[in-house]
Each structure stands twice: as C-alpha cells, then as structure tokens.
Amino acid sequence: MTNNLLEVRNLKMHFPIHGGVLWRKIGTVYAVDGVSLKIRAGETLGLVGESGCGKTTVGRTILRIYDPTDGDVLFGGKNMSLLGRKELRNLRRNLQMIFQDPFESLNSRQTIGDILEEPFIIHSIGTPEERNTEVRKLLDRVGIPENAVTRFPHEFSGGQRQRIGIARAIALKPKMVICDEPVSALDVSIQSQILNLLLELQEEMNLTYLFIAHDLAVIKHISDHIAVMYLGKIVESSDADALYERPLHPYTQTLISAIPVPDPTVKREKRILIGDVPSPINPPSGCRFHTRCPIVKDRCKTEEPQLCSAPGTEGKSHLVACHYAGQRADFQEQSQNSARMMKKLPAISR
Amino acid sequence: MRNILDGIANPVRQSHSDTIKLSENVILNIKNLVTAFDTEAGTVRAVDDVSFEVKKGQTLGIVGESGCGKSVTSLSIMRLLPKPAGRIESGQILFHDMDIAKIDADKMHTIRGNRISMIFQEPMTALNPVHKIGKQIREVYQLHYSKMGGKDIREKSVEMLRKVGIPDPEKRIGEYPHQISGGMRQRIMIAMALVCKPEVLIADEPTTALDVTIQAQILELMKALQRETGMTIIFITHDLGVIAELCDEVVVMYAGKVAETAPVIELFKHPKHPYTKGLLSSIPRLENQRKVKLNVIKGMVPSLCELPQGCRFQNRCPQVQKICSVQPHKKSVGENHFASCHFSESFRF
Ligand SMILES: Nc1ncnc2c1ncn2[C@@H]1O[C@H](COP(=O)(O)OP(=O)(O)OP(=O)(O)O)[C@@H](O)[C@H]1O
Ligand SMILES: Nc1ncnc2c1ncn2[C@@H]1O[C@H](COP(=O)(O)OP(=O)(O)OP(=O)(O)O)[C@@H](O)[C@H]1O
Ligand SMILES: [Mg+2]
Ligand SMILES: [Mg+2]
C-alpha cells in the first residue's frame, strides 16, 4: 500500500492527424508519449515544460477527457480505465480541474450562482436552500462578493474569474485538483493573490495538486516535487529544491538558466539553446532533446535514454533521462561558438 | 543610405515659437502626455499626464499591469492610435527638434518605421497571414528605399533574416507566417523593424507569448543588435525579471499614470512608490522558501471609468491616508529617481 493518491504509468496520448480528400489518417501527434508520475496525498507535483510539450494533454488524459492510447492512471489505488461510467463519475467528484483561461471554462450565459450550483445538482447534493448557502460560502472563501451570484462571467476581471473557477473546482471538496496554468494569464499582483489562495486551500482541505505551468519561479514556489517535460516525455523529476540546486538534465539546466532574475545586480551566465522545439508529429530519434542539446554525443541520436535514478542520488527519487546526466555542459565553449557565429554575420552599418 | 533621411535633417520650424532643445544624451522626451479614447462610457484618459525621458543608446523599460497604458503610450509615440476613437489630447513628445505629438501626418511618415520603429505585442496580427514572409519584408524595403532593385532587396532581406538568427533564410522567405513558430515570427518582426536602422526601437512585449528558452534567445539578440548599432530601445513588459536583465532605466506605470521612474538598480534596491514595493515583494523568487505566503497587493486596479479622486493606487495601498485623495505630484526621491506618492520620501525599505 502506497500513499500515492495519483499514479500515472507509462501514459500515452497520440492524436491522429487526418487530411487529404478522403480524410485519411496521415500522421500522428505524439503529444504524450510514455509519462509516469506519482503524487502523494496532500502534496503538489509541478509539471513544467515549454509550449506544446504535452502538459495540458497529460492533465486532460488523467481526467479522461481523452481516452489514453496506452498506459494506466491509478487514482486512490483504483485503475481508472477499469471503472464503469458511474464509478468514474463518482471518482471525478474527487478529481477536479482549473483552467488557464477561466473565461473559456465558465459558461458565459450562466450566472455565477448557476455555475457554482451546477456541481451540486449533477451529484444530487442538498436542497436548493442548502445549495444556495454552499454557493455563498464558496464565494466568500475565494474572496468574491456575494452579490456575484446574479452576475455573469464577463462582468469580472481575469483574476476574479480565476477565483470563480477555483470555487467551482473545490465545491464538492475534492481530493485532488489539476491546475492547468491557473496564473499564467494574470498580472503579477493578482498572480500572488491566487497562488496564496491555492496554498491556503491546500492546507485547509488537504488538497493534492498537479500544478501545470511554464513559469519556473511559480512552479518552484508552489510545488513539493517537480517533473520537467519535453516533447511528450518526462526528462527529469525530483524534489523541488534539489531540482533547482542540482539540475541534472541539460534541458532542465537550460530552462533554469533562462529564467530572467528580478535582480539587476545578478549577472548570470546564460545558456542559450539553439533552435526551436521540434514538432511532436516527427519527434527526433533517440533522445528527443538531442537536436538542441549542448552536450549531445552520437549515442544520443539513436539510443533513447530511460528515466531512471540519477547517479549519486539513489534513494532520493531524483530521476533523469539522459545518457550523460549531470555532466555539466561546457556552455562556455558553446557561448563562445555562438559569439563567433554572431561575429561572422554581416554588420548592420549606420 | 543616409541620404533618404536628409529631408528631415533640417525640419521646418514648429508652428509654436519656442525651439525644442533636448539635452545632449536624451533622444525622446515625453512631457505631460494625455491620450484619450471616446468610449460608450464617455471619454477615458488611458494615458494621463505621463512624463519620462529616454536616453540615447540606452534601454528604457516600461512595466505595469494589464491596461495601465503601456501600449497606448507607445502607440502615441508612433502616432498609431486607433482613429477616430483615440487621440493625443495634450502634452509633448519631443524627438530631436520636433514635437511628434503635433507634427503633420506627412512628416510623421518620414519618422515612423524609419527613425522610430515598433515591434507589436502579437506578431501574428502584425504580419499579414496571406502574404509570404519575403513579400512582407520586400514591402518594407520598397517603402523606405524606393530606389532599391528587386535583387538587392532579396539579398538584403536574406541578410537581415540571418542577422536575427533565422536559419535557412532563403527558404523562409518563401513561407507564410502560420508555417513558422512564434519565436521565428517575432524574429521576423524584429528584422522588419530594423530594416531602416531606426534610432529608436519600441518593443511592445515582444517575448510575452514565447517560451523562456526562446525569450532568452530574443533578449540576447536585442542586446547584441543594440551593442552593434547603438540604437535606443523602449522595452515594454510586465515581467520584472526581463526589466532587471535588459533595461538601464525603468518607468513603472499604474492606471494610466507614472508611479515611479528610476535607474534599474536603484529601482530594485530602493523602490519608493508603494506600488513598486508591492510588486517587487509579491513575485515568487527562486531563492525564497517554497510554499510560504507571498506578499500581496490587495484588491485590483480600478477601471478607467471609476477612478478615485487623487492617487489611483489608494484603494490598494497599505500606507493610504487622507491626503491621498489629492493627486500626488512627481517628486524627486533620489538621483534620477522620481516617484508620485505623498509619502515617498519617508519610506524605508
Ligand atoms: N485534441 C487534439 N488533437 C490533436 N492534437 C492535439 C490535441 N490536443 C493537443 N494536441 C497537440 O499535442 C501537443 C501537446 O499539446 P498540449 O496542449 O498538451 O501542450 P501544452 O504543454 O499544454 O502546451 P501549452 O504550454 O501551449 O499549453 C501539441 O502539439 C498540440 O498541438
Ligand atoms: N481603442 C480603444 N478604445 C477604448 N479604450 C482603449 C482602446 N485601446 C486601449 N484602451 C484602453 O486604454 C487602457 C490602456 O490600454 P493599453 O493597451 O495601453 O494597456 P497595456 O498597459 O498595454 O496593457 P497590456 O499589458 O494588457 O498590453 C486600457 O484601459 C484600455 O481599455
Ligand atoms: Mg497547455
Ligand atoms: Mg499592451
């Protein structure tokens, strides 16, 4: 018996691409391609990675908005793919989601009162009066004035809509909430309000979070453990502090070095990656990061590294998928190379 | 190439009597700028009495939350406000010996995209989706260098794309905007803005929609281009990390007004306006302990139609007092450091 509330085993979600006159399948998006995660009850797992790497798809597949191509999701020890419809619905009560753009997720023609009452109705909970009381309690908890019940989503700011989205997600007192970039669209001053609210709710309700984001400072702040994703795969996962203190995968190292530090007196060595993220339709052979990796060797182009315990970290659950994990890239040399490249370019003359 | 600028080297004297004289190191001076929009709820001043100076060859950052007037300020400088709803109501935008706020449209044509260029917030809306990249860059060349031949333009375009780090530029010019990544589109926007070797480049959140690794590439590129050409950059962002990394001086805006301006190190070390202080203390930082409460600025920005009397930050300010219902004036609070707060001197960090 483990105390993992959620366990994801080798999850795959491939989307077919159709095209041509006959609308035949002409390709596959390997959006999520073998992801394994474990989240302990009451903890937060941060899932971080660049746009298009498959973070949202992981969240949606866990929720079974998509039927996974392969792999298992165990929630509270139960394999979700073996559950019937009714069991699944009951389980969903305990597994909620918050979205990046609360506007899209809130029905614009429903009042806030209706939106928040809906989960209670779906699960036939309480009398209308009891539900009304619950809705008001929820609004109060997330810091929205009670008179909101008769108003519509567009009458609220982005931050307020996110609060409403959170209220809906916690309405039925779930065990776990998947937060998909809940603060990415918000201003700095509102972002900290929402992060604090999420932390408070976690403490009060012993919530478990899967927190998806691309902002590494936000992820670090809210998470106990962090998994770094690249092109449909987890490349490194570890205890949050260890990941930042000793990142082992060259991708993680680059991501961390690319964070702009809000302190002008700090001048850090930047590691600039060359090129863009490749497409998940034709992911590179071998290690998917090899096309941009600063320490790439021949082996990386053919042999795919497995996610396994990193050398020197046994027992600390620091996993990394790199043949040369922990070998610090010689970024010095690389940046000299790119400096040389810059010099070779024709100068813009004034 | 300098000759195409000759026509504006000796501009006609402005209609009003006093000659404009900017100090030696200043390239752009915004003075008491007011920009208004007619809306259903009446006229709103999206930019209300904004003043700041931009120093030659430096990077000035404008930071502030959504709707505070960053884009409207830059559109005012470019004279690209949506018509007829938006207009510059009063104030000056001094550039060399001209007041951009008042010069006629023809003259503005010789400045816009030429001596002052802009990169827009969303590259996809700024690029025309039905035209190939090559054609769009060609148009910029044709507009500004009417004598340049087709072959020359092609060569220059390819060179320019290579310069901003686009691999295979010969191939890219035959592609459409949707065929390339967001980072690549932003590079193309930068390339197009640089065609005329502008003296001032206004970049409106050029990296906000991009991933951190791509953002790092673009920021490095802009630094390199500035080193090389000596151009002045106005960089708009809401990311204090980007400000710290890139800028020499900073303007902090709040609800259409300037809250504080300072050299970057001074701003981060000794913020004087409670809004700046609040911002700096509310961002999650890597070096801080995890899962502890962040400081917050309570409440939210008032809408432009429901502004309070006096200081616009008063409903969120931890130091608010009676006097705050009077609009505070810009005060000198340090070397080259100004804040608009009644209590800014007495603050200690
Ligand atoms: N329903 C779908 N059908 C086809 N392709 C999809 C679908 N959903 C996602 N994809 C593709 O799968 C890949 C992963 O997308 P996903 O939205 O999970 O990325 P993400 O990491 O959440 O990115 P972002 O940070 O931009 O939100 C992308 O290439 C995307 O285009
Ligand atoms: N065409 C317009 N008509 C009416 N109001 C406008 C118009 N354009 C902008 N505004 C208003 O002017 C104010 C400032 O807008 P602006 O676009 O400058 O904000 P910003 O600081 O650039 O914000 P963001 O960070 O979201 O880009 C906003 O309140 C906006 O609603
Ligand atoms: Mg997503
Ligand atoms: Mg803007």
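This is a predicted model: local features need pLDDT of at least 70, side-chain atom pairs count only at pLDDT 80 or more; totals for chains, interfaces and linings use all residues.
Residues are numbered from 1 along each chain as its sequence is written, chains are lettered from A and ligands numbered from 1 in the order in which they are written, and side-chain values use heavy atoms, with hydrogens and water left out.

Let us begin with chain B. Twelve helices and twelve strands make up its list of elements; helices (H or I, at least four residues) and strands (E, at least two) are DSSP runs numbered from the N terminus. Chain B is as compact as a globular protein of its length, because its radius of gyration of 21 Å is close to the 20 Å that the globule rule gives for 349 residues. That radius is taken over C-alpha atoms, and the rule is 2.2 Å times the number of residues to the power 0.38. The C-alpha trace of chain B spans about 65 × 60 × 40 Å along its principal axes. Of the 349 residues in chain B, 56% count as buried, meaning under 20% relative accessible area, while exposed means over 50% and partly exposed lies in between (1.4 Å probe, protein chains only).

Ten of its 14 residues are buried. Strand 1 pairs with strand 2 of chain B (residues 42-55) in the antiparallel sense over eleven bridges, and a hairpin of two residues joins them. Two strands pair if DSSP finds at least two bridges between them. Strand 1 also runs antiparallel to strand 4 of chain B (residues 86-95), with eight bridges joining them. You can follow B:Phe37 to both neighbours: its bridge partner is B:Val44 in strand 2 and B:Gly86 in strand 4.

Oxygen atoms of ligand 2 lie 2.6 Å from a side-chain N or O atom of B:Ser66, 2.8 Å from a polar backbone atom of B:Gly67 and 2.7 Å from a polar side-chain atom of B:Ser71. Alone, ligand 2 exposes 630 Å², and the protein buries 68% of that.

Now turn to ligand 1, which 14 residues surround, the closest being A:Ser51, A:Gly52, A:Lys55, A:Thr56 and A:Thr57. A polar side-chain atom of A:Ser51 is 2.7 Å from a ligand oxygen, and a side-chain N or O atom of A:Thr57 is 2.5 Å from a ligand oxygen. The protein covers 65% of the 630 Å² of accessible area that ligand 1 has on its own. Helix 1 of chain A supplies the largest share of the shell, three residues.

Finally, look at A:Gln193 in helix 7 of chain A (residues 188-205). A:Gln193 is buried, with a relative accessible area of 12%. A polar atom of its side chain lies 2.6 Å from the backbone oxygen of B:Ile297.

Notes:
A residue is near a molecule or strand if one of its heavy atoms lies within 4 Å of it. A polar contact is a pair of N or O atoms within 3.5 Å; within protein, one must be able to donate a hydrogen and the other to accept it, and residues adjacent in sequence count only if both atoms are side-chain atoms. Accessible areas come from the Shrake-Rupley method with a 1.4 Å probe; for residues, only the protein chains shown count as cover.
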